[in-house]
Structure formats: structure tokens, C-alpha cells
Amino acid sequence: MSRLLSLNIIRKSIFQQFNATFKSSFPKNYSLVYMSENGPNPYIERENEKITEKRARLLYQSRKRGMLENGLILSTFAGKYLSSFNPEQLALYDKLINIPSNDWDLYYWATGVKSTPPEFENEIMELLKRHVKNELKETRYTQPDLN
């Protein structure tokens with residue numbers, strides 16, 4: 001039990017050191033959500049990003065997930081809905097696909113295998129869950145073309 005406790009103390013110390021170092025070297029016009037215990041990549045909120053650039057970035061990030069299942073789900077979702085999202089919806093989608101460090105969690109939430117954490121339970125997640133159900137039985141075995 002004491003070994004587990006000391007490993008947790010070391011892990012928390014590493015997170016604190018990383019956050020302190022990363023914050024001091026990061027540009028001032030970005031806001032950060034610091035590294036969580038779930039992963040090493042902090043979420044960066046791009047405050048001055050143009051909406052067309054944000055849509056393009058989110059479309060790219062939806063296609064390049066690192067796992068085929070999410071690549072297909074998110075790229076077809078983005079291809080279908082991203083162009084109609086308002087800035088608030090784009091911000092929700094940005095956080096949804098970029099804050100969780102484990103793509104399997106996102107996959108399990110979208111497919112209903114695991115319950116969605118409250119911080120991600122919103123209109124975009126509900127729309128994604130409906131998209132995953134594919135009630136219209138659309139063929140989705142390839143990613144849509146980039147425009």
C-alpha cells in the first residue's frame with residue numbers, strides 16, 4: 001500500500017512540474033486547460049482563431065484520430081454537421097474531441113458502452129450519439145473527402 005501511495009505522490013509532482021513549466025513558456029494569447037492526470041497533452045483554447053480556420057482544424061482532427069473507429073465516426077459526423085455549427089457548438093465539439101486523452105473513452109461514450117461524464121454531456125454529444133446509431137442506415141465505411 002505504501003508503494004502505491006508513493007507512486008501517486010510522484011505522479012502528482014510530475015503533473016505539477018509540467019504544468020508550471022508549460023504555463024511559463026506558452027504564448028499569452030492562448031488559454032490553457034492544464035495537463036490532467038488522464039494524459040500529457042493539455043487542451044489549448046485558441047481564443048482568436050477565425051471560424052473558418054477552426055472548422056478546418058476540427059475537420060482535420062476528426063479525421064486523424066489514431067484509431068479507425070473514431071476516425072470514421074468523427075469524420076463522417078464532422079462532414080455532416082460541422083459547417084452548420086455556430087461558434088458555441090464548435091467550442092463544445094473542440095473540447096469534446098480534444099480534452100479526453102483516451103480515444104477509447106470517446107468511442108465508448110458515443111456508442112453508449114460507458115456513460116458520458118457530466119462535463120461532456122451536451123447537445124453535441126447527443127447529436128454524436130444519434131449519428132452513431134445511424135438510424136437512416138447510411139453507408140459509412142470511408143471518410144468523406146476534404147473540401
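Visitor: Which elements do the buried residues of α4 pack against?

Guide: In this predicted model, the buried residues of α4 pack against β2, α2, α3, α5 and α6.

Visitor: And which residues of α4 are buried?

Guide: They are Gln89, Leu90, Tyr93, Asp94, Leu96 and Ile97. Seen down the axis of α4, these buried residues fall within an arc of 165°, so they line one face of the helix.

Visitor: How far apart are the end C-alpha atoms of α4?

Guide: They are 16 Å apart, which agrees with the 16 Å that twelve residues should span at 1.5 Å a residue.

Visitor: What caps the N-terminal end of α4?

Guide: Asparagine 86 does: one of its side-chain oxygens lies 3.0 Å from the backbone nitrogen of glutamate 88.

Visitor: Let us turn to α2. Which of its residues are buried?

Guide: In α2, the buried residues are Lys54, Arg57, Leu58, Gln61, Ser62 and Arg63. They pack against β2 (43-46), α3 and α4. Helix α2 covers residues 51-63, and its first and last C-alpha atoms are 18 Å apart, close to the 18 Å expected.

Visitor: What about the largest nonpolar core? Which residues touch the most other members?

Guide: The core has 20 residues, and those touching the most other members are Phe77, Leu82, Phe85, Tyr93, Leu96, Leu106 and Leu128. Two or more residues each come from α3 (68-81), α4 (87-98), α5 (103-111) and α6 (123-133). Helix α3 gives the most, with five residues.

Visitor: Take leucine 128. What is it in contact with, leaving aside its neighbours within four places in sequence?

Guide: Leucine 128 is in contact with Ile73, Leu74, Phe77, Leu96 and Ala110.

Visitor: How many aromatic pairs does the structure hold?

Guide: The structure holds eight aromatic pairs. One of them joins phenylalanine 85 and tyrosine 93 in an edge-to-face arrangement, at 6.3 Å centre to centre and with 65° between the planes.

Visitor: Are phenylalanine 85 and tyrosine 93 buried or exposed?

Guide: Both phenylalanine 85 and tyrosine 93 are buried. They also belong to one aromatic cluster together with Phe77 and Tyr81.

Visitor: What about tryptophan 104 and tyrosine 107?

Guide: Tryptophan 104 and tyrosine 107 form an edge-to-face pair too, with 5.5 Å between the centres and 85° between the planes. They are three residues apart in helix α5, and therefore separated by about one helical turn. Tryptophan 104 is partly exposed, because its relative accessible area is 38%, which lies between the limits of 20% for buried and 50% for exposed.

Visitor: A new topic, then: where is asparagine 122?

Guide: Asparagine 122 sits in the loop between α5 and α6. Its relative accessibility is 16%, so it counts as buried.

Visitor: What does the side chain of asparagine 122 reach?

Guide: The side chain of asparagine 122 reaches the backbone nitrogen of isoleucine 124 at 2.9 Å. A polar atom of that side chain also lies 3.0 Å from the backbone nitrogen of methionine 125.

Visitor: And what is the phi of asparagine 134?

Guide: Asparagine 134 has a positive phi of about 50°, although it is not a glycine. Most residues other than glycine have a negative phi. Asparagine 134 is found in the segment after α6, and it is buried, with a relative accessible area of 16%.

Terms used:
Residues numbered from 1 in each chain as written. Predicted model: local features only at pLDDT ≥ 70, side-chain atom pairs only at ≥ 80, totals over all residues. Heavy atoms only, no water. Core = buried A, V, L, I, M, F, W, Y, C linked by side-chain atoms within 4.5 Å. Buried < 20%, exposed > 50% of the residue type's maximum accessible area, 1.4 Å probe, protein only. Helix = DSSP H or I, 4+ residues; strand = E, 2+ residues; numbered from the N terminus. Contact = heavy atoms within 4.5 Å. Polar contact = N/O pair within 3.5 Å; in protein donor to acceptor, adjacent residues only side chain to side chain. Expected span 1.5 Å × (residues − 1). Phe/Tyr/Trp six-rings, centres within 6.5 Å; stacked < 30°, edge-to-face > 60°. Arc of directions from axis to C-beta.
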